[in-house]
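Subject: Structure handover, salt bridges

Hello,

Here is the structure for your files.

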Amino acid sequence: MKSKEHRLGVSEINLVTRHLKLEPDDESTIRAAVADIDKLYGLDSVSFDARKRRLDLAYDASRICLDCVEDILKKHAVEISHDWWTRFKEEHYRFVDQNVKDNVNHEPWSCHQTPPGGKRKR
């Protein structure tokens, strides 16, 4: 099985995908925002589906988070949809992103850690 090559700064283990519905807006404004988002370090991919008005993202959650993307959208005056489902997903995405960041440097405990100066028992 061949693994996919990722952009610089993206680790497969911390890779998350996000889908956000955007409010109707000028497509050139959205394309400019997508171009700025595409420059973020830790972003693997970004695309916009105009028919569904959906922004699709894949990024390393240990390096960037949904708030970084939303800041760029706000800078370009592009709004995320205000429906309940999109708001629910945003909160879930924030929770998962924070969880990934918190666990990046977590030390394993118990039998998951190799004893000092010894071999792991099997």
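The notes below cover salt bridges and the exposure of the residues in them.

This is a predicted model, in which local features need pLDDT of at least 70 and side-chain atom pairs count only at pLDDT 80 or more, while totals for chains, interfaces and linings use all residues. Residues are numbered from 1 along each chain as its sequence is written, and side-chain values use heavy atoms, with hydrogens and water left out.

A search of the whole structure gives nine salt bridges (a side-chain nitrogen of Lys or Arg within 4 Å of a carboxyl oxygen of Asp or Glu).

One of them joins R31 to E27, with 3.0 Å between the closest N and O atoms. Both residues belong to helix α1 (residues 27-37) and are four residues apart, about one turn of the helix; helices are DSSP runs of H or I, at least four residues, numbered from the N terminus. R31 is partly exposed at 39% relative accessible area, and E27 is partly exposed at 38% (buried is under 20%, exposed over 50%, partly exposed in between, with a 1.4 Å probe and protein chains only).

R54 pairs with D56, the closest N and O atoms being 2.8 Å apart. Here R54 is partly exposed at 27%, whereas D56 is buried at 15%.

In helix α3 (residues 84-103), E90 and R94 are four residues apart, about one turn of the helix, and their side chains form a salt bridge at 4.0 Å, N to O. E90 is buried at 10%; R94 is partly exposed at 24%.

Regards

Key
Helix = DSSP H or I, 4+ residues; strand = E, 2+ residues; numbered from the N terminus.
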